[in-house]
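Please read them with the coordinates open beside you.

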Amino acid sequence: MTSVHSYRELIVWQKSMDLTVRIYALTRYFPAAERFGITSQMRRSAASIPANIAANIAEGQARRSRGEFIQSLGVARGSLAELETFLTLSTKLEMTTPEKGRCLLNDCAEIGKMLNALIKSLTTNH
């Protein structure tokens with residue numbers, strides 16, 4: 001499937017882990033009333049991105065098919081879109097500054113491009 005020996009080698013995994021840490025730091029200051037709302041949703045969607053990448057690499061090429069890997073990357077992409085939505089919402093609700101929101105959305109866009117490139121490489125290199 002790929003020449004990657006560990007998911008930790010993938011830059012997209014590393015960047016998505018960094019984004020998750022930044023999301024946890026950001027949401028620490030959200031209102032307590034949002035602990036089970038936006039805060040929880042943002043943290044879960046952020047953590048889902050690297051988790052879906054890691055799960056498939058860690059399972060190993062012998063046990064998972066290329067199609068399953070691509071599907072899981074699609075799930076990661078969906079989690080990324082969910083996170084982008086909640087980042088936009090938290091900015092509109094003034095739970096974060098427009099500058100922080102923009103910076104994190106730029107990080108999301110970069111990770112999205114990387115996920116798309118990985119998916120494309122897996123679908124075109126049969």
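1. How many residues does helix 1 have, and what distance does it reach from its first C-alpha to its last? Helix 1 has 17 residues and reaches 24 Å between those atoms, close to the 24 Å expected at 1.5 Å a residue, where the expected span is 1.5 Å times one less than the number of residues. Helices here are DSSP runs of H or I with at least four residues, strands are runs of E with at least two, and both are numbered from the N terminus.

2. On provenance, this is a predicted model, in which local features need pLDDT of at least 70 and side-chain atom pairs count only at pLDDT 80 or more, whereas totals for chains, interfaces and linings use all residues. Residues are numbered from 1 along each chain as its sequence is written, and side-chain values use heavy atoms, with hydrogens and water left out.

3. The secondary structure of the protein chain comes to four helices and zero strands, and the order from the N terminus is α-α-α-α. Of the 126 residues in the chain, 37% are buried (buried means under 20% relative accessible area, exposed over 50% and partly exposed in between, with a 1.4 Å probe and protein chains only). Among the contacts with a separation of 6 or more, 75% join residues 24 or more positions apart, a contact being heavy atoms within 4.5 Å.

4. Returning to helix 1, its buried residues are Val-12, Trp-13, Ser-16, Leu-19, Thr-20, Ile-23, Leu-26 and Thr-27. They lie on the same side of helix 1, because they cover an arc of only 140 degrees around the axis, the arc being that of the directions from the helix axis to the C-beta atoms.

5. Helix 4 can be checked in the same manner: its 27 residues should span 39 Å at 1.5 Å a residue, and its end C-alpha atoms are 38 Å apart, which agrees. The buried residues of helix 4 include Gly-101, Leu-104, Asp-107, Cys-108 and Ile-111, and also Leu-115, Leu-118 and Leu-122.

6. The largest nonpolar core has 29 residues, and Met-42 and Leu-83 have the most contacts inside it; such a core is a set of buried Ala, Val, Leu, Ile, Met, Phe, Trp, Tyr and Cys residues joined through side-chain atoms within 4.5 Å. Helix 1, helix 2 (38–59), helix 3 (66–92) and helix 4 are the elements that give two or more residues to this core. Leaving out residues up to four places away in sequence, Leu-83 touches Leu-19, Ile-23, Met-42, Ser-45, Ala-46, Ile-49 and Cys-108.

7. Glu-84 is placed in helix 3 and is partly exposed, with a relative accessible area of 26%. Apart from its neighbours within four places in sequence, Glu-84 is in contact with Leu-105, Cys-108 and Ala-109. Glu-84 and Ala-46 are 38 residues apart in sequence, and their C-alpha atoms are 9.4 Å apart in space.

8. The structure holds three salt bridges, each defined as a side-chain nitrogen of Lys or Arg within 4 Å of a carboxyl oxygen of Asp or Glu. Lys-15 pairs with Glu-110, the closest N and O atoms being 3.3 Å apart, and this pair links distant parts of the chain, with Lys-15 in helix 1 (residues 11–27) and Glu-110 in helix 4 (residues 98–124), 95 residues apart. Arg-22 and Asp-107 meet at 2.7 Å, N to O, again linking helix 1 with helix 4, at 85 residues apart; Arg-22 is partly exposed at 35%, whereas Asp-107 counts as buried at 16%.

9. The remaining bridge, between Arg-102 and Glu-99, has an N to O distance of 4.0 Å. These residues are three apart in helix 4, and therefore separated by about one helical turn. Arg-102 counts as partly exposed, at 48% relative accessibility.

10. Which cysteine sulfur is closest to that of Cys-103, and how far away is it? The closest is in Cys-108, at 10.0 Å, too far for a bond, and the count comes to zero disulfides under a rule that asks for a pair of cysteine sulfur atoms within 2.5 Å. Cys-103 counts as partly exposed at 44% relative accessibility, while Cys-108 is buried, with a relative accessible area of 0%.
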